[in-house]
Amino acid sequence: MKTIQPNTFKVTEKVILKDISTTYNLEAKRREIELELEEVRIKLAKLQDTMYAHGKYAVLVCLQGMDTAGKDSLIREVFKDLNARGVVVHSFKVPTSLELKHDYLWRHYIALPARGKVGVFNRTHYENVLVTRVHPEYILGENLPDVTSLEDVDETFWDKRFEQINNFEKHIAENGTIIFKFYLHLSKEEQKNRLIRRLDKKNKNWKFSPDDLKERLLWDDYQYCYQDAINRTSKPHAPWYTIPADHKPTARLLVGNIIYNTLKQYDDIKEPELDDDIKANLELYKKQLERE
């Protein structure tokens with residue numbers, strides 16, 4: 001199998017999405033890729049246990065992509081071996097009436113993982129510069145003081161919103177959150193195939209909505225907005241990774257590998273040392289228990 005170099009997918013300069021392949025050849029069979037992911041999961045689970053005990057870093061994994069990009073199955077396959085007490089997944093849907101009474105980042109901020117835990121955002125705060133940018137009328141529902149009509153949702157508005165997102169991520173990174181942002185880069189042809197499979201398979205029918213086809217008509221608009229968001233917000237403390245997503249097992253392995261190989265570079269993540277007094281009396285404590 002080809003060696004995975006995480007930096008291959010990290011966005012460190014401006015990208016043009018149409019020039020980036022949605023496929024990546026690992027030079028391995030599907031089963032080999034799945035077995036490799038199993039190994040990565042085991043190592044990631046051990047590392048997460050250490051992080052939980054260490055309690056000084058949180059990990060935030062942000063997943064974005066067009067509909068059918070494979071976010072749900074990726075979460076299942078990459079994180080299923082981690083201790084359930086240490087992983088929290090949030091799927092952000094249309095904002096509720098309560099959420100709309102707060103600023104757009106509020107619901108994301110209160111969902112951030114605690115130190116020692118992994119938080120996974122399935123769709124993220126970036127929806128506020130993606131779907132709302134394609135459908136600016138949604139902004140009116142936020143009831144903002146300075147937005148009374150669609151004319152107010154101009155380029156200056158989006159500039160401010162990107163600045164706010166960058167500040168939000170810088171703040172949480174400076175306070176111990178390690179941020180990963182993955183864009184699952186899917187081709188339009190593969191999306192069509194996956195939508196057809198949803199229609200063909202009865203157990204997948206529930207995933208389909210006619211709105212999927214309406215949004216598909218806006219493919220180019222979404223690609224522009226994703227590209228602009230990635231270019232404006234990929235920072236050293238909160239990098240974006242463009243993950244080829246046409247082959248799900250490959251995308252899952254790439255994501256798992258990037259997370260693990262990045263986290264293991266934090267050589268200060270260690271299990272806490274016992275106090276000298278406790279360490280010196282371990283045998284005594286053991287004997288006390290054995291005498292019960």
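Is Leu284 buried, exposed or partly exposed? Leu284 comes out as partly exposed, because its relative accessibility is 40% and buried is taken as under 20% relative accessible area, exposed as over 50%, and partly exposed as what falls in between (1.4 Å probe, protein chains only). The model behind this value is a predicted one, in which local features need pLDDT of at least 70 and side-chain atom pairs count only at pLDDT 80 or more, while totals for chains, interfaces and linings use all residues. Residues are numbered from 1 along each chain as its sequence is written, and side-chain values use heavy atoms, with hydrogens and water left out.

Leu284 sits in helix α12; helices here are DSSP runs of H or I with at least four residues, strands are runs of E with at least two, and both are numbered from the N terminus. Together with Leu274, Ile278, Leu282 and Tyr285, Leu284 makes a nonpolar surface patch of about 410 Å². For such a patch, residues must have over 30% relative accessible area and no salt bridge, with nonpolar side chains (Val, Leu, Ile, Met, Phe, Trp, Tyr) joined within 5 Å and like charges within 9 Å. The areas come from the Shrake-Rupley method with a 1.4 Å probe, and for residues only the protein chains shown count as cover. Helix α12 (residues 282-290) gives the largest share of the patch, three residues.

Turning to the sheet, five strands line up in the order β2-β3-β1-β4-β5 as an open sheet with parallel pairing, where two strands pair if DSSP finds at least two bridges between them. At the edges are β2 (87-91) and β5 (240-244), each of which pairs on one side only. On average, neighbouring strands of this sheet are turned by 20° against each other, direction ignored; the axes are lines fitted to C-alpha atoms, for helices over the stretch in contact, and angles run from 0 to 180 degrees between N-to-C directions.

Residues 58-65 make up β1, which pairs with β3 (residues 118-122) in the parallel sense over five bridges. Within that pairing, Val59 has Val118 as its bridge partner, and Leu60 stands opposite Gly119. With β4, strand β1 pairs in the parallel sense over eight bridges, and there Gly65 has Leu184 as its partner. Because eight of the eight residues of β1 are buried, the strand is largely enclosed by the rest of the structure. Both of its faces are covered, with Ala58, Leu60, Cys62 and Gln64 buried on one side and Val59, Val61, Leu63 and Gly65 buried on the other.

Next come the charged pairs. Side chains of opposite charge can pair when their charged atoms come close. The model holds 23 salt bridges, each being a side-chain nitrogen of Lys or Arg within 4 Å of a carboxyl oxygen of Asp or Glu. One of them joins Arg133 and Asp228 at 2.6 Å, N to O. That pair links distant parts of the chain, with Arg133 in helix α4 (residues 131-134) and Asp228 in helix α9 (residues 219-233), 95 residues apart. Asp228 also meets Arg232 in a salt bridge at 3.2 Å, N to O, this time inside helix α9, where the two are four residues apart, about one turn of the helix. Asp228 counts as buried because its relative accessibility is 15%, whereas Arg232, at 24%, is partly exposed. Elsewhere, salt bridges that share partners tie Arg41, Arg76, Glu77, Lys80 and Asp81 into one network.

Another salt bridge brings Lys181 and Glu169 together at 2.9 Å, N to O. Lys181 belongs to strand β4 (residues 177-185) and Glu169 to helix α6, 12 residues apart. Lys181 is buried at 0% relative accessible area, and Glu169 is buried at 2%.

Most residues other than glycine have a negative phi. Glu27, however, has a positive phi of about 55°, and so does Asn143, also at about 55°. Glu27 lies in the segment before α1 (30-54) and counts as exposed at 55% relative accessibility. Asn143 is in the loop between α5 (137-140) and α6 (155-174), and is exposed at 67%.
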